[in-house]
Amino acid sequence: MAAKVEIYTSPFCGYCARAKRLLTSKGVDYVEYDVLADSSLRDEMQKRAPGSYTVPQVFIDDVAVGGSDDIHELDRQGKLDPLLAGKP
């Protein structure tokens, strides 16, 4: 069963676009939260991932995995696909 993937973003954010491109290239369905459109979502993001102040922030099965650079690094290490497949 595929993992639940959520991403907090804002418009015109290059890192957000890069993270979404990676997820899309892997055929991942994700829920996107626009923190600019609803500022309460930024508070929610920070509660879910303490210390996170920037977007994007990616969550896989409710676990914070970081931003764009973090998920690209997981991909380079071969660790992203198992997470996305729900097999940590």
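These are my notebook entries on what I looked up in this structure, which is a predicted model.

**Entry 1: overall build**

I began with the element count. The protein has four helices and four strands. I then read their order from the N terminus, and it is β-α-β-α-β-β-α-α.

Next I checked the dimensions. The C-alpha trace spans about 35 × 25 × 20 Å along its principal axes. For 88 residues, a compact globule would have a radius of gyration near 12 Å. I found 12 Å for the protein, so the value agrees with that expectation.

I also looked up the surface. The protein exposes about 5200 Å², and carbon and sulfur atoms supply 53% of that area. Of the 88 residues, 38% are buried. Residues 24 or more positions apart account for 59% of them.

**Entry 2: strand 1**

Is strand 1 buried or exposed? I went through residues 5–9, and five of the five are buried. Strand 1 is therefore largely enclosed by the rest of the structure.

I looked at its two faces separately. Val-5, Ile-7 and Thr-9 lie on one side. Glu-6 and Tyr-8 lie on the other. Both faces are covered.

Then I listed the neighbours in the sheet. Strand 2 covers residues 30–34 and runs parallel to strand 1, with five bridges joining the two. Within that pair, Ile-7 stands opposite Glu-32. Strand 3, residues 57–60, also pairs with strand 1, but in the antiparallel sense and over four bridges. There, Val-5 has Ile-60 as its bridge partner.

I checked the handedness of the connection as well. Strand 1, helix 1 (residues 14–25) and strand 2 make a β-α-β unit, and the unit is right-handed.

I moved on to strand 3. Gln-57 and Phe-59 point one way from it, while Val-58 and Ile-60 point the other way. All of these residues are buried.

Phe-59 has Ala-64 as its bridge partner in strand 4. The two strands form a hairpin with two residues between them.

Most residues other than glycine have a negative phi, and most peptide bonds are trans.

Where does Asp-61 lie? I placed Asp-61 in the loop between strand 3 and strand 4. Its phi is near 50 degrees, a positive value in a residue other than glycine. Asp-61 is partly exposed, with a relative accessible area of 39%.

Asp-62 lies in the loop between strand 3 and strand 4 too. I read a phi near 70 degrees for Asp-62, again positive in a residue other than glycine.

I then looked at the peptide bonds. A cis bond joins Val-55 and Pro-56, with omega at about 5 degrees. Pro-56 lies in the loop between helix 2 (39–48) and strand 3.

**Entry 3: Tyr-15**

I picked Tyr-15 next, which is found in helix 1. Which residues does Tyr-15 touch, not counting those up to four places away in sequence? I found Pro-56, Ser-68 and Asp-69. Pro-56 is the residue of the cis bond with Val-55.

I also took a distance to Lys-47, which is 32 residues from Tyr-15 along the chain. Their C-alpha atoms are separated by 21 Å.

**Entry 4: His-72**

My last stop was His-72, placed in helix 3 (residues 68–76). Its relative accessible area is 14%. The cut-off for buried is under 20%, so His-72 counts as buried.

I looked for what its side chain reaches. It comes to the backbone oxygen of Ser-68 at 2.9 Å. Ser-68 is also one of the residues that Tyr-15 touches.

Leaving out residues up to four places away in sequence, I found that His-72 touches Arg-18, Ala-19 and Leu-22.

Methods:
Residues are numbered from 1 along each chain as its sequence is written. This is a predicted model: local features need pLDDT of at least 70, side-chain atom pairs count only at pLDDT 80 or more; totals for chains, interfaces and linings use all residues. Side-chain values use heavy atoms; hydrogens and water are left out. Buried means under 20% relative accessible area, exposed over 50%, partly exposed in between (1.4 Å probe, protein chains only). Two strands pair if DSSP finds at least two bridges between them. A crossover is right-handed if, with the strands pointing away from the viewer, the path from the first strand over the helix to the second runs clockwise. The radius of gyration is taken over C-alpha atoms; the globule rule is 2.2 Å times the number of residues to the power 0.38. Contact means heavy atoms within 4.5 Å. Accessible areas come from the Shrake-Rupley method with a 1.4 Å probe; for residues, only the protein chains shown count as cover. A polar contact is a pair of N or O atoms within 3.5 Å; within protein, one must be able to donate a hydrogen and the other to accept it, and residues adjacent in sequence count only if both atoms are side-chain atoms.
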